[in-house]
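Please work through each task before reading its solution.

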Amino acid sequence: LGVGRLNYYPNLETSEFSVVVGDPWQRKGLGTKLLKLCIEIAKERDVSQLWGDIMAENEGMIRLCKRLGFKINWHHEEGIARAYMDFE
């Protein structure tokens, strides 16, 4: 149905998230649950920042990240938006 993943970078004390939901199960709340779980785990592990790169055309995921409190940095030349959340 879907996958949420965290990659922890100990030297930076940050975690990168990725969330993928199969097409038939999109817009049913699964992505929201997976991303909230990634946030929860990152907080439990005391990371300083959680971040993820999103394709610029993935407007739904960008909206979700904003709704959950992520800030967005646009990298137009690369076609991505980097969502990040600081925990300090």
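**Exercise 1. Locate D86 and state where it lies in the predicted model.**

Solution. D86 belongs to strand 5, which spans residues 80–86; strands (E, at least two residues) are DSSP runs, numbered from the N terminus. The model is predicted, so local features need pLDDT of at least 70, side-chain atom pairs count only at pLDDT 80 or more, and totals for chains, interfaces and linings use all residues. Residues are numbered from 1 along each chain as its sequence is written, and side-chain values use heavy atoms, without hydrogens and water.

**Exercise 2. Determine whether D86 is buried, partly exposed or exposed.**

Solution. Buried means under 20% relative accessible area, exposed over 50%, and partly exposed in between (1.4 Å probe, protein chains only). The relative accessible area of D86 is 44%, so this residue is partly exposed. Strand 5 itself is mostly covered, with five of its seven residues buried.

**Exercise 3. Identify the residues that D86 touches, leaving aside those up to four places away in sequence.**

Solution. With contact taken as heavy atoms within 4.5 Å, D86 touches S48 and Q49. S48 is 38 residues from D86 in sequence, yet their C-alpha atoms are 5.9 Å apart.

**Exercise 4. Describe how strand 5 joins strand 3.**

Solution. Two strands pair if DSSP finds at least two bridges between them. Strand 3 (residues 49–55) runs antiparallel to strand 5, with seven bridges.

Conventions
Helix = DSSP H or I, 4+ residues; strand = E, 2+ residues; numbered from the N terminus.
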